[in-house]
Amino acid sequence: MSDHLENSVGENSVGGNSIRGPMPANAGIGLRAPHHLHVLSESPDVAWFEAHSENYFTDGGSHVECLSRIRAHYPLSLHGVGLSLGSTDPLNREHLANLRRVIARFEPTLVSEHLSWSSAGGRFANDLLPLPYTEEALRHVGSRIAQVQDALGRQILLENVSSYLQFSAATMTEWEFVAGVAAESGCGILLDLNNVYVAAHNHQFASLEYLEGIPRHVVQEFHLAGFSRIDLDGQELLVDTHGTPVCDAVWDLYRAALQRFGNVPTLIEWDTDLPNFDVLEAEARKADSLRSALRALAA
Amino acid sequence: MPSLRELQAQVMDALLGAMSPAVTALIAGPPARAERRFGVYANTVQGNFRDALHSTFPAVRRLVGEDYFRQTAREFQRHHPSRSGDLLHCGEKFPNYLAQLHPDDEFTYLADVARLEWLIQESLLAAEHPPLDLGALGRVEPAAYDRLRFELHPALRLFESQYPALAIWECNVGGDAEPPTIDLRSGADRLAIVRHRLQLQFLRLNPGEHCFLREIARGECFSAAVDCGGEADADFDAAAALQRFVAAESVVAFTSMVKT
């Protein structure tokens, strides 16, 4: 355990001069437009931010302006939701060109997308739909990721999505699929621990088995967020709403993930019912204290 | 087993339209549970689309009310699903869709309010541009003006309506107070929507100015734009118009057209 905690990102602390270096070990926060002005005026002590790539595809406007100013002071990750990598439609060249443009503009340390699909026949669902975990899908999405990495000239990270259904065509588990995609394409994995927990509950598997199925070296970022519970005719379904604090069970999973994957950059995400910024800061501090406690234990 | 392409086409049909037994069969577990779980996705897909339309068209949403907006957004999505990974673009055809729904009734004005809202969004998200280089313009020989091709600010949009669409928009965005009643016959709109830094402004145009800017926007040379302004308004003053739009940072650049 100690090896992994010691040998990873290490002591790369927060600081104004590290905005071009590797991602800081301290937890970052998902940047949402309602917090732009707060971040600009208060310069909160946040290790790094992650922004949704598509929100900054425009030529101008307040979002682009704010992110340019925020980027001058914080390390940044760009996280895409619309590339539809798992789709069998041709790769959307315009979307890819826009992605290249925002990468050139904001020079993010990390670039990530989702291991999902959202379009068919040119029609977009604009949602992160799960793939059938088959050999065909694995080969397809693996080659698409390789195409995108070639076009961008850099490695990207792929995030595991939360899901509410599984396709009966599946021939492998989700974690086998995720690990296979990383092996096939050379991409990194952004392991969303909330999504692992949600999927594990909804599909009745063990979260820890999922973690053990992912090779140690491929995970380069963690996401933490909150979910909602809905009742579907007497059956409880967990839905990835990003509208609540990280729950205790997901914090436990985070501890297990730190032990397995080491000191990987961690992000707090919140989307619906966005609270005041200090709530997100408190979540980030909690992640930092968990990581410090584990490191102390390992020392 | 269907191919990945077939599976995705069937699922997309069901998400945008209605669930089918074929899609239920694609999903693991008992059919009733499969359908309930698929419904979670269908609700999200429709909700995200509706929310995106709402954020582009807040005044239309307020004018028609939640129930009508929800129903119209659903139908619009069936006919014109999102074609991009970015929902910002999903409302492009919404003004025309409303025009087709209400060709000649008490809601005919809605399409124009929607068109205004779409242009406002475009303006808000367009690139910045510095003001026109007056020194460079001063060095142009007066005789060469006719062949200049002026350029408008990237955030400028021209808007025309037979209704007072701007007044309707202004009292239906921001604030929860009951908006005043506006007489639909209280005046037509002829506007340039402009943006300075992040601030929107609306310049009211006379017919000559409108034609003048429209020709410039089309890439016509100065003399053609002046002629068009003069045709629309016998009193059109080209020098005053150019001065107004340069000062307002609406005309921001020029190039000399090469004689052919």
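The largest nonpolar core has 143 residues. A:Val181, A:Leu193 and A:Leu224 have the most contacts inside this core. Helix 7 of chain B, residues 110–125, gives the most to the core, with seven residues. This is a predicted model, and its scores are ipTM 0.91 and pTM 0.92.

**Confidence**
- Chain B has an average pLDDT of 94.
- In chain B, 99% of the residues score at least 70.
- Where pLDDT is low, predicted coordinates should not be read in detail.

**Core packing around A:Val181**
- A:Val181 is one of the residues with the most contacts inside the largest nonpolar core.
- Leaving aside residues up to four places away in sequence, A:Val181 touches A:Leu115, A:Leu138, A:Val141, A:Gly142, A:Ile145, A:Leu158 and A:Cys187.
- In soluble globular proteins, nonpolar side chains tend to be buried together.

**The barrel of chain A**
- Eight strands of chain A form a closed barrel, in the order 1-2-3-4-7-8-9-12.
- The pairing in this barrel is parallel.
- Neighbouring strands of the sheet are turned by 30° against each other on average, direction ignored.
- Strand 3 (residues 76–79) and strand 4 (residues 110–114) of chain A pair in the parallel sense, over three bridges.
- A:His79 has A:Ser112, in strand 4 of chain A, as its bridge partner.
- Helix 10 of chain A, residues 277–298, lies across strand 1 (28–30), strand 9 and strand 12 (266–268) of chain A.
- Helix 10 runs at about 155° to strand 12 of chain A.

**A:Arg216, a loop residue**
- A:Arg216 sits in the loop that links helix 8 (207–212) to strand 9 (219–224) of chain A.
- A:Arg216 counts as exposed because it has 12 C-beta neighbours inside 10 Å, and the cut-off for exposed is 12 or fewer.
- A:Phe261 is 45 residues apart from A:Arg216 along the chain, yet their C-alpha atoms are separated by 5.2 Å.

**Where chain B meets chain A**
- On the chain B side, 37 residues are in contact with 40 residues of chain A.
- Helix 1 (4–16), helix 3 (31–56) and helix 7 of chain B are the elements that give two or more residues to the side of chain B touching chain A.
- Helix 3 of chain B gives the most to that side, with ten residues.
- The residues on this side of chain B divide into 25 nonpolar, six polar and six charged.

Methods
Residues are numbered from 1 along each chain as its sequence is written. Chains are lettered from A and ligands numbered from 1 in the order in which they are written. This is a predicted model: local features need pLDDT of at least 70, side-chain atom pairs count only at pLDDT 80 or more; totals for chains, interfaces and linings use all residues. pLDDT is the predictor's confidence in each residue, from 0 to 100. A nonpolar core is a set of buried Ala, Val, Leu, Ile, Met, Phe, Trp, Tyr and Cys residues joined through C-beta atoms within 7 Å. A residue is buried if 20 or more other C-beta atoms lie within 10 Å of its own, exposed if 12 or fewer, and partly exposed in between; C-beta atoms are placed from the backbone. Helices (H or I, at least four residues) and strands (E, at least two) are DSSP runs, numbered from the N terminus. Two residues are in contact if their C-beta atoms, placed from the backbone, lie within 7 Å. Ala, Val, Leu, Ile, Met, Phe, Trp, Tyr, Cys and Pro count as nonpolar, Asp, Glu, Lys and Arg as charged, and the others, Gly among them, as polar. Two strands pair if DSSP finds at least two bridges between them. Axes are lines fitted to C-alpha atoms, for helices over the stretch in contact, and angles run from 0 to 180 degrees between N-to-C directions.
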